[in-house]
Structures are given as structure tokens and as C-alpha cells.
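Dear colleague,

Please find below the structure that I am handing over to you.

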Amino acid sequence: MTRFARRSSEALASAGQKRDFNREHFAAAAARYDQATVAMSLGRDRSWKRLLVKALPEQPRPVCLDLACGTGDICLELASRYPGGRIIGLDLTAAMLDLARRRGGPAHLHYLQGDMHALPLATASCDLVTGSYALRNAPDLAPALAEIARVLRPGGQAVFLDFAKAATPTGQRWQYRLLRGWCGMWGRLLSGSWEVHGYIADSLQGFPSCGELAGMMEDHGLELLARQRLFGGMLQLLQVRREPGTVPAVVTDCGGIQPDR
């Protein structure tokens, strides 16, 4: 096992550094990633992701985009729920996508390698967007939210699962110590390095509070519909809607992929 030696606390100073760190550390974690998420969540991760998919609205043939799709677990859940739809999983890391493709799946499930800051999808081409631990891992959250708003159709919805920052400075200090120790331990046991999953604690330090995140979403025409606290408030499930009648800022309309209807 090759030890992953980069320090996450030193790699999050800029969007470019965080992107490079994500690409490298998720490649190092890929082989044991599913085991790690189950272990770190005390077996709850899969039920949370099923809850995420269940929170999406009923639609007969939606185009669904799963951001930071990893090994494809949510994509498979989406493909099962929406057999008449088109499911697209996007991830920055080739090693994750290789594992996702090996899991197989139905013909209406597709995987793409790409950056959530420059989604390779046409404007207003998606009905639904999902992401588990995706927003916190965005190298720069504002352009990522702009891209989510751009690809969502007016009235389209998104659901995100992620860690939630504690409300007080004291709570945040205890939360950091807990996540750094607990998640770092599983990174060391499964992937050979405390940094692989200890990174979660460092990434949460720069993540906005729920109120700040809702404000950022609103700035990009995204309305926070509901927030559900999970795991004693350590995590959160966010339901979001692209506000009808708003015109999103176009960060980069690749235009190249217009999903089939």
C-alpha cells in the first residue's frame, strides 16, 4: 500500500490546490472508499443515500446528474428509481469512475469525468441534481453553485448530503477533533494515511454554515426548500430548487452534451 503523504491542511489554501489534492487523495482512497464511508458512518451511509434519492420528486423521464459520483452508489439508486430517465454520474477522479463502471448498470446510466466548476452539459438540460459530500469538496463553492443552477431547468430540484458545521466556535473545535481522529483513523487503516479521510475535518472548516450556504444558493437562483439534520446534526440533507423565472450566470456552457429526452 502506497502511503498518501500530502497534508490536507496545507492543500486547501486555493481552489487549484484543493482540486489537485482532491484528484490525488480520492485516487488513493478509491479502492477502499465504500468500506470507509460505511465504517465512518457506523453503517448509516447507505441509508442516508437512499433517503437522498427518496427526497427527489416523482418524474417519469428525468435527466439526473450526480455530482462527485464516486463509485456510483447513488447513480445506481437513481437508475432504479427512474427507469425511464437518463442518469449521468460525474467525477473528477478516473480511479473512482473505473470502479463505478465495473459495478455495471442499466443502459440509461452513463459516467463522465469532469469538474463541477465546468460541467460538460448544456444549460437547462437537467431535471434533477444530486451530490453526496459534493458541495464541501468543491474547490470553489460559488462557481460550483453557479454551474448547478446553469444546468438545472427552471423548477428543477437538487438534493445534497453533506457534513454540517457546528453552530458555535466551541462546537466547531470539538467537531474538528472528532472528525480528524475518527475519520483519520479509518483512512490510516484502510488506505494507509490519516490524511485520506482526516481531510474531512479540514474541508469542513472552510465550508459555510447552513445560513451562509442558503444565502450563496439564493445568489445563484437556488432556493433552499428543506434541511434535514442527520446523525445528531453532524450531517445534513438539503433539498434545493432552481427558482422559476431566474436566468443563471453562465460560467461555461459547454453545450456539447444535451441529454436525450
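Predicted model: local features only at pLDDT ≥ 70, side-chain atom pairs only at ≥ 80, totals over all residues.

Residues are numbered from 1 along each chain as its sequence is written, and side-chain values use heavy atoms, with hydrogens and water left out.

The sheet

Seven strands make up an open sheet of mixed pairing, in the order β3-β2-β1-β4-β5-β7-β6. Helices (H or I, at least four residues) and strands (E, at least two) are DSSP runs, numbered from the N terminus; two strands pair if DSSP finds at least two bridges between them. The edges are held by β3 (109–113) and β6 (222–230), each with a single partner strand, so one side of each is left without a neighbour in the sheet. From one strand to the next, the twist averages 15°. Angles run from 0 to 180 degrees between N-to-C directions, and axes are lines fitted to C-alpha atoms, for helices over the stretch in contact.

Strand β5 is mostly covered, with ten of its twelve residues buried. Buried means under 20% relative accessible area, exposed means over 50%, and partly exposed lies in between (1.4 Å probe, protein chains only).

Helix α6

Helix α6 (residues 141–151) is also mostly covered: nine of its eleven residues are buried. Among them are Leu141, Glu147, Arg150 and Val151. The cover over these buried residues includes β1, β4, β5 (152–163), α9 (210–219), β6 and β7 (235–242).

Ala144 belongs to α6 and is buried, with a relative accessible area of 1%. Leaving aside residues up to four places away in sequence, Ala144 touches Met116, His117 and Ala138. The C-alpha atoms of Ala144 and Ala118 are separated by 7.9 Å, although the two residues are 26 apart along the chain.

Two positive phi angles

Most residues other than glycine have a negative phi. Leu42, which is not a glycine, has a positive phi of about 55°. It is found in the loop between α2 (33–40) and α3 (45–54), and at 59% relative accessibility it counts as exposed. Ala68, also not a glycine, has a positive phi of about 50°. Ala68 is found in the loop between β1 and α4 (73–81) and is partly exposed, with a relative accessible area of 24%.

A search of the whole structure finds five aromatic pairs. Rings of Phe, Tyr and Trp (its six-membered ring) pair if their centres lie within 6.5 Å; planes under 30 degrees apart count as stacked, over 60 as edge-to-face and the rest as tilted. One of the pairs is formed by Phe26 and Tyr33, edge-to-face at 6.1 Å centre to centre with 70° between the planes; both residues are buried. The rings of Trp182 and Trp186 have their centres 5.9 Å apart and their planes at 80°, so this pair is edge-to-face. Both tryptophans lie in helix α7 (residues 169–191), four residues apart, about one turn of the helix. Trp182 counts as partly exposed, at 31% relative accessibility.

The axes of α2 and α7 come within 10 Å and cross at roughly 145°. Gln35, Ala36, Ala39 and Met40 of α2 make the contact with Trp182, Cys183, Trp186 and Leu190 of α7.

Finally, the charged end of Arg177 sits over the ring of Trp174, 5.2 Å from its centre. For this, CZ of Arg (or NZ of Lys) must be within 6 Å of the ring centre and within 35 degrees of the ring normal.

Yours sincerely

Methods. Contact = heavy atoms within 4.5 Å.
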